[in-house]
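Hi everyone, thanks for making the time.

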Amino acid sequence: TTLVFIFVSRAVLAYVSSVTGGYFSAKIKSELRSQIISKIIDGESETVHRYGTAHLSMLLTRGVNYLDSYFSKFIPQLFIATSVPLLVGLAIVREDWKSGVIILLTIPLIPIFGILIGRFTAKATQDKLQTLHFLSGYFIDLVTGIATLKIYNRSKYQVKKIAEVGDRYRRETMRVLKISFLTSLALELIATLSVALLAVSIGIRLVNGTINLRAGLLVLILAPEVYWPIRQVSALFHAAEDGVAAADEIFEILDSPMKNGNIQISQFTSISWSDLTISYDGRREIHIPAGQLLPGKIYGLIGPSGSGKSTLISTLLGFTEVSSGQIIISTPEGNVPFEEVEKKSWRELLSWMPQEPHFKFGSVASIIGKQSLKSVGILESDLPQGLATPLGGVMDGISFGQRRRLALLRAIDKKSPLLFLDEPTASVDDITEEEITSLINEIALENRIIVLSSHRQFTQSIMDEVIYMGES
């Protein structure tokens with residue numbers, strides 16, 4: 001009866017824990033993904049932008065999936081490990097208290113050795129995860145710039161680099177597996193020796209008649225069930241360690257401070273700032289000269305690469321914080337410090353065309369429309385599938401120049417009073433550049449502010465005022 005009760009209880013616990021663990025794991029993963037995406041869209045955390053798109057993609061996909069082993073296997077097994085050994089141990093003590101003492105003295109050896117070996121696992125798993133992040137980031141950058149690499153015949157040189165990073169990831173993965181196998185071997189050995197010690201004790205007492213055969217057999221059958229759940233916890237800990245390492249980074253993002261104001265604005269008259277300093281970890285500080293933006297003008301950001309043109313745009317978008325200096329937003333109700341402005345309402349008033357634009361999944365007709373394609377020098381026949389050409393994928397069939405012109409059109413169509421255009425005429429010919437600059441001039445006549453970053457001389461000629469960055 002005792003054996004039947006214990007084995008049935010163990011089976012029921014295993015089934016219930018598996019079902020509930022899988023259900024709650026799926027719920028938790030879905031919630032974490034939603035929270036991270038909300039944080040990214042809000043753009044109110046410097047941590048988000050410090051990680052980069054490749055790193056975030058890994059966290060949202062494989063990183064969150066790593067948590068599945070933790071929630072659906074490790075946590076349920078932890079519950080089993082706190083209940084089954086207790087029930088089995090009480091049954092053994094009831095039959096033979098001396099065997100219970102031996103189990104009580106040997107069972108702590110499993111978690112102790114598990115902790116000692118687990119110290120190496122945490123570091124090895126973190127190294128593996130960092131290598132995977134580096135590999136994914138490098139691969140995404142390579143795919144994004146494959147056209148440029150092909151043009152300059154440099155793509156073949158990247159094969160060796162990809163192979164090196166992949167081999168490094170393989171070595172890190174094998175290192176984690178070796179430690180996991182070592183842990184399983186050590187724990188199995190401890191459990192086997194503990195049961196053997198118990199068997200020797202029972203054998204000696206059977207010989208001298210201090211224990212009957214029934215009690216001895218019952219103890220020997222039940223004893224492995226005391227060690228098994230705890231042994232499984234230690235083994236599953238290594239399977240869940242990837243999830244724990246990913247969770248540290250996930251919660252670093254989610255717990256990062258939301259540096260956001262609470263003053264909502266619906267319109268503004270000007271933007272001004274004092275000399276600004278922006279600091280980055282491991283990089284030199286960027287200094288931005290004082291400036292002011294007024295409606296109806298085209299402002300140019302001129303300076304060498306790395307001088308802070310994109311940084312100024314990112315700062316005015318609310319994605320980057322200043323280390324020193326202040327930005328003031330002038331509204332009909334008065335001046336408001338930029339740090340006190342609620343960023344969501346602020347971003348409703350502006351459009352942004354980045355250097356590397358991205359689109360949501362859909363067709364050109366559904367995302368951009370067809371009414372303004374000619375204004376940026378694109379004909380329907382220029383697109384691989386016309387207005388049905390898909391957007392949003394890595395390989396969507398359109399050229400980089402077409403992608404940038406579609407992004408410009410998307411920014412213009414929002415009718416925002418403030419436009420940030422980061423290199424809008426890059427990767428286009430002279431005729432298209434003239435068409436785009438003419439369109440930008442028309443937009444400025446609508447009393448909108450245009451902040452333009454460009455290295456091309458013709459585009460610079462339409463700038464009403466120039467803000468020189470860096471040494472320029």
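Let me start with Arg448, which is buried, since its relative accessible area is 5%; buried means under 20% relative accessible area, exposed over 50%, and partly exposed in between, with a 1.4 Å probe and protein chains only. Before going on, a word on provenance: this is a predicted model, where local features need pLDDT of at least 70 and side-chain atom pairs count only at pLDDT 80 or more, while totals for chains, interfaces and linings use all residues. Residues are numbered from 1 along each chain as its sequence is written, and side-chain values use heavy atoms, with hydrogens and water left out.

Back to Arg448, then. You'll find Arg448 in the loop between helix 13 (430-444) and strand 12 (449-453); helices (H or I, at least four residues) and strands (E, at least two) are DSSP runs, numbered from the N terminus. What does the side chain of Arg448 join in a polar contact of 2.9 Å? That partner is the side chain of Glu446. A polar atom of the Arg448 side chain also lies 3.2 Å from the backbone oxygen of Ile412. For the cut-off, a polar contact is a pair of N or O atoms within 3.5 Å; within protein, one must be able to donate a hydrogen and the other to accept it, and residues adjacent in sequence count only if both atoms are side-chain atoms. Leaving out residues up to four places away in sequence, Arg448 touches a list of residues including Pro295, Lys297, Ala411, Ile412, Leu419 and Ile443, where contact means heavy atoms within 4.5 Å.

Next, the aromatics. A search of the whole structure finds two aromatic pairs. Rings of Phe, Tyr and Trp (its six-membered ring) pair if their centres lie within 6.5 Å; planes under 30 degrees apart count as stacked, over 60 as edge-to-face and the rest as tilted. Phe268 and Trp346 make a tilted pair, at 5.4 Å centre to centre with 50° between the planes. This pair links distant parts of the chain, 78 residues apart: Phe268 sits in the loop between helix 8 and strand 1 (270-273), and Trp346 in helix 10 (residues 343-347). Trp346 is buried, with a relative accessible area of 0%. Phe338 and Trp346 form the edge-to-face pair, 5.7 Å centre to centre and 80° between the planes. Phe338 counts as buried too, at a relative accessible area of 7%. Together, Phe268, Phe338 and Trp346 form one aromatic cluster. There's a charge here as well: the charged end of Lys343 sits over the ring of Phe338, 4.9 Å from its centre (the rule is NZ of Lys or CZ of Arg within 6 Å of the ring centre and within 35 degrees of the ring normal).

Now for strand 6 (residues 327-331), where five of its five residues are buried. Ile327, Ile329 and Thr331 point one way, and Ile328 and Ser330 the other way. In a regular strand, side chains alternate between the two faces of the sheet. Which strands pair with strand 6? Strand 1 does so in the antiparallel sense over four bridges, and strand 7 (residues 334-337) also runs antiparallel to strand 6, joined by four bridges; pairing requires at least two bridges found by DSSP. Ile329 is the bridge partner of Ile271, while Ile328 stands opposite Pro337 in strand 7. A hairpin through two residues joins strand 6 to strand 7.

That's my tour; happy to chat about any of it.
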